[in-house]
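User: I would like to go through the spaces in this model and the ligand site, with the reasoning behind each label. Please set each value against the criterion it has to meet.

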Amino acid sequence: MKGLFISLEGIEGTGKSTQADLLAVHFRKKGFTVVKTAEPGGTRISLKIRELLLSTDNMNMAPLTELLLYNAARVQHVKEIIMPAIQRGDVVITDRFSDSTMAYQGFGRGIDPKLIDSLDLIATGRLRPHLTILLDVDVATGLRRNRAADKIDRLELEEISFHERVREGFISMAAKEPERIRLVDCSGDIETVHKKVVGLADTFLDGLRT
Ligand code: TMP
């Protein structure tokens, strides 16, 4: 494997996509070729699956349907975008990846983590980001930020306790894999958070060079 694979994770309203954009600019300034992408999405087929997943028309979607659709979108994303970019030696920055499935469908919906794990093996061949930046903020602040941005979809309409379980899930996943998943407090402004994110990414790069 030649390239670098970085994911940004977190609950709603943590500013992941803004931070992913800023991190992409940072790496490009350093001379890297960057592929910036997001889940569920990244390809035409995955974006169609995203519409199904997030539409408020589908409030009766079964948890297992949801789990399989996130994985289906990911298979296509890995095959069409992520693996080719890594093999070319690019830096891939994705707004969400497999950790979101464990947090939302595992901790949030209560689906057996063993099932999630075996599907992940099938969908990604256990592809893991080299570095995962977990942006963390309290649920009330996150949801308030999203509502202010008029961003309402099927998952965001879940009750507060669902989002609390997802947040706790992410935090416990970071505690289990502290080397890969680095937690960043994102309660501050965009620039403050960007400095922390860039600090982590640069330290990670330096570690690869030594
Ligand atoms: P976002 O693009 O605004 O982050 O929206 C994606 C939504 O999908 C968000 O609520 C998190 C959710 N999600 C899952 O539940 N499982 C997953 O595997 C992924 C990638 C996202």
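User: How much space lies in the largest pocket?

Analyst: This is a predicted model, and in it the largest pocket holds about 650 Å³ of space. Its lining comprises 35 residues, and those closest to its centre are Glu12, Lys16, Asp95, Arg96 and Lys151.

User: Which elements supply at least two residues of the lining of the largest pocket, and how does that lining divide by class?

Analyst: The elements are α1 (16–29), β2 (34–38), α2, α3, α4, α6 (139–148) and α8 (190–209). By class, the lining has 11 nonpolar, 11 polar and 13 charged residues.

User: What is the relation of the ligand to the largest pocket?

Analyst: The space taken by the ligand is the largest pocket. The criterion for sitting in a pocket is that more than half of a molecule's atoms lie within 2 Å of its grid points.

User: Which residues are closest to the ligand, and how many surround it?

Analyst: The ligand is surrounded by 15 residues, the closest being Glu12, Tyr70, Arg96, Thr101 and Lys151.

User: What is the volume of the second largest pocket, and which residues lie nearest its centre?

Analyst: The second largest pocket has a volume of about 370 Å³. Its lining consists of 19 residues, with Met102, Asp117, Arg128, Met173 and Glu177 nearest the centre. Two or more lining residues come from each of α3, α4, α5 (113–124) and α7, and α4 gives the most, five residues. The class division is six nonpolar, four polar and nine charged.

User: Why is the largest cavity called a cavity and not a pocket, and how much space lies in it?

Analyst: The term cavity applies because a 1.4 Å probe fits at its points but cannot get out, whereas a pocket is an open set. About 40 Å³ of space lies in the largest cavity, and the count comes to one cavity of 30 Å³ or more. Its lining is formed by Gly10, Ile11, Leu134, Leu135, Asp136, Val137, Arg167, Phe170 and Ile171. Both β4 (131–136) and α7 (160–176) give two or more residues to this lining, which divides into six nonpolar, one polar and two charged residues.

User: Which backbone values are found at Pro40 and at Arg96?

Analyst: Glu39 and Pro40 are joined by a cis peptide bond, with omega about -10 degrees. Pro40 belongs to the loop between β2 and α2. Arg96 is not a glycine, yet its phi is positive, at about 85 degrees. Arg96 is placed in the loop between β3 (91–95) and α4, and Arg96 is also one of the residues closest to the ligand.

Notes
Residues are numbered from 1 along each chain as its sequence is written. This is a predicted model: local features need pLDDT of at least 70, side-chain atom pairs count only at pLDDT 80 or more; totals for chains, interfaces and linings use all residues. Side-chain values use heavy atoms; hydrogens and water are left out. A residue is near a molecule or strand if one of its heavy atoms lies within 4 Å of it. On a 1 Å grid over the protein atoms alone, a cavity is a set of points where a 1.4 Å probe fits but cannot get out, and a pocket is an open set with protein on both sides within 12 Å along at least five of seven lines; lining residues have an atom within 4 Å of a point. Grid points are joined across faces, edges and corners, and a volume is the space filled by probe spheres set on the points. Helices (H or I, at least four residues) and strands (E, at least two) are DSSP runs, numbered from the N terminus. Ala, Val, Leu, Ile, Met, Phe, Trp, Tyr, Cys and Pro count as nonpolar, Asp, Glu, Lys and Arg as charged, and the others, Gly among them, as polar.
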